[in-house]
Amino acid sequence: MKNFASLAAAAALAANGASAHYIFQQLSVDATEYAPFEYIRQNSNYNSPVTDLASDDLRCNVGAEGAGTDTTEIKAGEAFTFTLDTPVYHQGPISIYMSKAPGAASDYDGSGDWFKIKDFAPDFSSGAAEWDMSGSYSYEIPTCVEDGEYLLRIQSLAIHNPWPGGIPQFYISCAQVKISGGSGTASPETAKIPGAFKETDPGYTANIYSNFDSYIVPGPEPLTC
């Protein structure tokens, strides 16, 4: 009985630990809401974060492969939404990135160049940091990108356990999209993933509990058309 109780307690702790995280699992395009993981690559680590800055898992999450994931069509300038299994509740920025596949998005490992299109950064106008911790995040495909197939990546960088005592956590998902109608005039600042985020980045090392009155989101500057 004692052994059974210990196993039950361990299972409860594991369940509580899992529920303390979240995952971007659903993509919508304009008013059309798709099934979870229909166009988002399915990860294999449930809703746990990635913490290794040198890992290829920073691209699209652990075990997230293109095979078996469909690619949806979306027009430049069209709105899209990423929805989570539970709202974000770890403080930190939300960022959206894109990387153009050399061919089919389903065959692409994300090893090429990435550029950022949006940051949801903290608002300090009230005198304290206010984070956008929502159950979904929406933006539009930039009108100036090239046509083609892309990985559309969303990232929550959770900095609630400040470095170096704690390790910031990355919650990541990638959708596969085929874009049409773009002007192709974009010249974005690009970065490789891994490589875009460093232990020396002020936005990675920030302590939100001490003298926190400004913030620089890690990664390249978002594209403006």
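Student: In which loop is the place of Pro 194?
Tutor: This is a predicted model, in which local features need pLDDT of at least 70, side-chain atom pairs count only at pLDDT 80 or more, and totals for chains, interfaces and linings use all residues. Residues are numbered from 1 along each chain as its sequence is written, and side-chain values use heavy atoms, with hydrogens and water left out. Helices (H or I, at least four residues) and strands (E, at least two) are DSSP runs numbered from the N terminus. On that basis Pro 194 is placed in the loop between strand E10 (190-191) and helix H3 (202-205).

Student: What is omega for the peptide bond that joins Ile 193 and Pro 194?
Tutor: Most residues other than glycine have a negative phi, and most peptide bonds are trans. The bond joining Ile 193 and Pro 194 is cis, with omega about 0°.

Student: Which loop holds Pro 164?
Tutor: The peptide bond from Trp 163 to Pro 164 is cis, and its omega is near 5°. Pro 164 itself lies in the loop between E8 and E9.

Student: How many of the residues of strand E9 are buried?
Tutor: Buried means under 20% relative accessible area, exposed over 50%, and partly exposed in between (1.4 Å probe, protein chains only). Strand E9 covers residues 169-180 and is largely enclosed by the rest of the structure, because the buried residues number 10 of the 12.

Student: How many bridges pair strand E8 with E9?
Tutor: Two strands pair if DSSP finds at least two bridges between them. Strand E3 (residues 72-75) and E9 pair in the parallel sense over 4 bridges, with Lys 75 opposite Ser 180 in E9. Strand E8 (residues 148-158) pairs with E9 in the antiparallel sense, where Ser 156 has Tyr 171 as its bridge partner. The bridges between E8 and E9 number 11.

Student: Which strands stand at the edges of the open sheet of 4 strands?
Tutor: The order of this sheet is E2-E1-E4-E7, with antiparallel pairing. Each edge strand has a single partner strand, so one side of each is left without a neighbour in the sheet. The edge strands are E2 (32-33) and E7 (136-140).

Student: What is the bridge partner of Ala 79 in E7?
Tutor: E4 and E7 run antiparallel and are joined by 5 bridges. In E7, Ala 79 is paired with Glu 140.

Student: Is Thr 81 buried or exposed?
Tutor: Thr 81 has its place in strand E4 (residues 79-84). Its relative accessible area is 16%, and therefore Thr 81 is buried.

Student: How many residues has the largest nonpolar core?
Tutor: A nonpolar core is a set of buried Ala, Val, Leu, Ile, Met, Phe, Trp, Tyr and Cys residues joined through side-chain atoms within 4.5 Å. Leu 27, Phe 80, Phe 82, Ile 141, Leu 152 and Ile 179 have the most contacts inside the largest core, which has 34 residues.

Student: How many residues has the other core?
Tutor: This core lies apart from the largest one, and Tyr 97, Trp 114, Leu 157 and Ala 206 are among its members. Its size is 26 residues.

Student: Is Asn 61 buried or exposed?
Tutor: Asn 61 is found in the loop between helix H2 (57-60) and E3, and has a positive phi of about 100° although it is not a glycine. With a relative accessible area of 4%, Asn 61 is buried.

Student: How does the accessibility of Asp 30 count?
Tutor: Asp 30 lies in the loop between E1 and E2 and, although not a glycine, has a positive phi of about 50°. Its relative accessibility is 47%, so Asp 30 counts as partly exposed.
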